[in-house]
Amino acid sequence: MEINERGFSDKALEDFELIDKAVREKDQQAYASLMKRYKKAVYFMILKMIRDADDAEDLTMEAFAKAFRNLHKFKKDYTFSTWLFRIATNNAIDFIRKKKLKTMSLNNTMTDDGGNSVTIDIEDDDNNPQDEYIKSQRKEMVRLFVSKLPAKYRKLVKLRYFDELSYDEIAAELGKPLGTVKAQLHRSRELLFEIAQGKNKHI
């Protein structure tokens, strides 16, 4: 991997250009390119932490939604991948705390595109005063996009994200097969990704 005199890889510099286009020019293809580059990596990182594919998809969507909403605040002091992975990690840690999942040690490190170590830490304090704030921010973030969904998906997303029902509980609530609920929520997430990328005019 080539590292330039500023210490960033060519890929990191390309990310900076995409971010500039996304923020300054509202270039939707730039958002799409950033998501295409990192969606799979973010998903598998989260999946390793929480070991549930459906929840990992939810959290991946939330991570990109938050990153894109705050892209104008990104500083080029470090790589976009470092920033994105930290957003995704913090979101997953909040989820773990809320669900009180017992996980394997998260005190390991990842290396981003610039060769920098990204440490994943989790505190043991279940009553962290930031938890409720983080939870409210996640809901606010998703709420920004839900109103743009087709009507048939809005109730599903509300039950999942705002009422915090499990897939089984949603199936019982709506009287639908579990497989149908999972398939429709998967489609809802795809649409939310598109909305996060600014493609809602096609929805």
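User: At what angle do helix H2 and helix H4 pack, and how far apart are their axes?

Analyst: Two packed helices are described by the angle between their axes and by the distance between those axes. In this predicted model, H2 (residues 28–50) and H4 (residues 80–99) pack at about 35°, with axes 10 Å apart. The crossing of H2 and H4 is right-handed.

User: Which residues of H2 and H4 meet?

Analyst: Those in H2 include Leu34, Tyr38, Val42 and Met45, and those in H4 include Leu84, Phe85, Ala88 and Ile96. By class, the residues of this contact comprise 16 nonpolar, two polar and no charged.

User: How many salt bridges does a search of the whole structure find?

Analyst: Side chains of opposite charge can pair when their charged atoms come close. The search finds six salt bridges. In one of them, the closest N and O atoms of Arg37 and Glu14 are 2.4 Å apart. This pair links helix H2 to helix H1 (residues 10–25), across 23 residues. Glu14, Asp15 and Arg37 are linked in a network of salt bridges.

User: Which parts of the chain does the salt bridge between Arg160 and Asp58 tie together?

Analyst: The closest N and O atoms of Arg160 and Asp58 are 2.9 Å apart. Because Arg160 lies in helix H6 (residues 151–162) and Asp58 in helix H3, the pair ties together parts that are 102 residues apart in sequence.

User: Are Arg160 and Asp58 buried or exposed?

Analyst: Both Arg160 and Asp58 are buried. Arg37, by contrast, is partly exposed, because its relative accessible area is 29%, and Glu14 is partly exposed at 38%.

Conventions
Residues numbered from 1 in each chain as written. Predicted model: local features only at pLDDT ≥ 70, side-chain atom pairs only at ≥ 80, totals over all residues. Heavy atoms only, no water. Axes fitted to C-alpha atoms, helices over the stretch in contact; angles between N-to-C directions. Helix = DSSP H or I, 4+ residues; strand = E, 2+ residues; numbered from the N terminus. Left-handed = near helix turned anticlockwise from the far one by under 90°. Contact = heavy atoms within 4.5 Å. Nonpolar A, V, L, I, M, F, W, Y, C, P; charged D, E, K, R; others polar. Salt bridge = Lys/Arg side-chain N within 4 Å of Asp/Glu carboxyl O. Buried < 20%, exposed > 50% of the residue type's maximum accessible area, 1.4 Å probe, protein only.
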